[in-house]
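Here's a quick briefing to read alongside the model. Keep the viewer open and click on each residue as it comes up.

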Amino acid sequence: AKLFGMLTILLALECMAAPSRDLINTDRLLFAAITDSEKLFSYVRSHGEPQESGPSLEEDLLLYDRPQCNKLGQAALAFFKLQWQLHPSNDAAIPFPSPLSAEHRWTLSFPHVITFLADEDVSRVKFGFDMLQMLVIGTHFIRPAQYATYYTNNDLQRAHSSELLAQTLHTLLSLVLRISAMEATVPNSSSVLEYSSLQAMSLAQSLKALYSIHVQVQAIAEVSQKIRDSDQALIALLPKVLDWLRPVVMGICNKCKDSCQNYDLTLLCEVIRVFDPILKDLEEVFDNSSALPKNIPVFFSMIEAYTALFSSLRAMKMFIHTGNAQFNTYDVAECAQLSFISEWLSQSLDRLILFKERLEKLIDLWSAETEASSPPPGHHRCLLLHYHLEEAVLELSGED
């Protein structure tokens, strides 16, 4: 089976080793001349396949571990194949329809984007942006599967999973931060990558939108946790990540005005698992022995994230007043989910009220502007935080 896999990939890709100054060093191999692979697919499929080769020739191609080519070489291969699909040469023979589905072609292409984006070489990062832009904007015929569990093989699942999406989004957010720093300090820095920080963020949002809502929420949860736990450098972008969940919350709430489906409630519970650690952190902001936050710089760095969270909580207000009479229309599982959501919102309201009291004491202290309580630069942001916090408390408590 391995020999068959090796032969099919060598023939299908019409491979030849060629060094490239732009992409790889001379000691690395690049497979090229892959434009006629569809012909081979059609030919071999029409003549049958060995039973040991796997479920299909396509999977042999996608799952085969190419020992002749390192990660960068494989990424280059996928890049040029994708480029040819988007811009076929004028002198090409009559095009053959690809035997690979849109999801299989995503499997073949997308995992290689992060290889370029995570590279230290600026020219390779640009290839990553180019490849991502081709996938997101240029090739509408290549898309991730909406249900990754459709695939039984882990390698196939990964290309469509929240794990790889989260990895790619996190890498893009890191690049947004790096590019924006360059834009602030280096004149004409956009000419180096040919992509601005705004374009990088736009690509991240467009990529996220290609996946099912469930996968999006899972990926956002992974990115949020990574930023909070181990990547404080990206904390400034956490509000943007949390804002990605607001349309999801509003969409669920609008659907549930008439009747909630099990899928919607499950999705909302997933969103709550993203919000919950941040809400619990509110209890640790202030020191019981003082009106001041335990760590003022950390508190300031989270103000916009808290504001984004409060906005989403306001949209969920309809669930906090779910009564027993409404449970009669739902099954046991849905009633359990509704109870969990309602109880969580009630606990969240208690946390918000307590945090509001502590924040008001802080604002009073800094407003006094005494010599002992001189406010730090940027303290006025607490007023904006208090406004959004008060709105969330009023709406969740039903006081309009």
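Let's jump in at Q216, which sits in helix α12, the stretch covering residues 213–230. Keep in mind that you're looking at a predicted model, not an experimental one. Q216 has a relative accessibility of 7%, so it counts as buried, the cut-off being under 20%.

**Around Q216**

- A polar atom in the side chain of Q216 lies 3.3 Å from the backbone oxygen of K208.
- Setting aside residues up to four places away in sequence, Q216 touches L165, K208, A209 and Y211.

**The chain as a whole**

- What kinds of secondary structure does the chain have, helices or strands? The count is 18 helices and zero strands.
- The chain has 400 residues, and buried ones make up 49% of them.
- Take the contacts between residues at least 6 apart in sequence: 76% of them join residues at least 24 apart.

**Helix α16 and its details**

- Helix α16 runs over residues 296–315, which gives it 20 residues.
- From first C-alpha to last, α16 reaches 29 Å, close to the 28 Å expected at 1.5 Å a residue.
- Where is the kink in α16 centred? Look at I303, where you'll find a kink of about 40°.
- The N-terminal end of α16 is capped by N295, with a side-chain oxygen of N295 lying 3.2 Å from the backbone nitrogen of V298.
- Is S312 buried or exposed? With a relative accessibility of 1%, S312 falls under the 20% cut-off and therefore counts as buried.
- Not counting residues up to four places away in sequence, S312 touches R246, V249 and F275.

**The nonpolar core**

- The largest nonpolar core in the model has 102 residues.
- Which residues have the most contacts inside this core? They are F129 and F299.
- Helix α17, residues 332–368, gives this core its largest share, with twelve residues.
- In soluble globular proteins, nonpolar side chains tend to be buried together.

- M134 lies in helix α7, which spans residues 122–138.
- M134 has a relative accessible area of 9%, so M134 is buried.
- The C-alpha atoms of M134 and L82 are separated by 7.7 Å, though the two residues are 52 residues apart along the chain.
- Beyond residues up to four places away in sequence, M134 touches F79, L82, Q83, L86 and T139.
- One of those contacts, Q83, is found in helix α4, residues 71–86.
- Q83 has a relative accessible area of 32%, so Q83 is partly exposed, a label for values between 20% and 50%.
- Q83 and G138 are 55 residues apart along the chain, and their C-alpha atoms are separated by 9.6 Å.

**A166 in helix α9**

- You'll find A166 in helix α9, which covers residues 162–185.
- A166 has 5% relative accessibility, so A166 counts as buried.
- Apart from neighbours within four places in sequence, A166 is in contact with A219, E222 and V223.

**Helix α5, mostly covered**

- Helix α5 takes up residues 102–109, and six of its eight residues are buried.
- Which residues of α5 are the buried ones? They are H104, R105, W106, T107, L108 and S109.

**Cysteines**

- How many disulfides does the structure hold? The number is zero.
- C253 has 4% relative accessibility, so C253 counts as buried.
- C335 counts as buried too, because its relative accessibility is 16% and the cut-off is under 20%.

Technical notes. Residues are numbered from 1 along each chain as its sequence is written. This is a predicted model: local features need pLDDT of at least 70, side-chain atom pairs count only at pLDDT 80 or more; totals for chains, interfaces and linings use all residues. Side-chain values use heavy atoms; hydrogens and water are left out. A disulfide is a pair of cysteine sulfur atoms within 2.5 Å. Buried means under 20% relative accessible area, exposed over 50%, partly exposed in between (1.4 Å probe, protein chains only). Helices (H or I, at least four residues) and strands (E, at least two) are DSSP runs, numbered from the N terminus. The expected span of a helix is 1.5 Å times one less than its number of residues. The bend at a residue is the angle between axes fitted to the seven residues ending there and the seven starting there. A polar contact is a pair of N or O atoms within 3.5 Å; within protein, one must be able to donate a hydrogen and the other to accept it, and residues adjacent in sequence count only if both atoms are side-chain atoms. A nonpolar core is a set of buried Ala, Val, Leu, Ile, Met, Phe, Trp, Tyr and Cys residues joined through side-chain atoms within 4.5 Å. Contact means heavy atoms within 4.5 Å.
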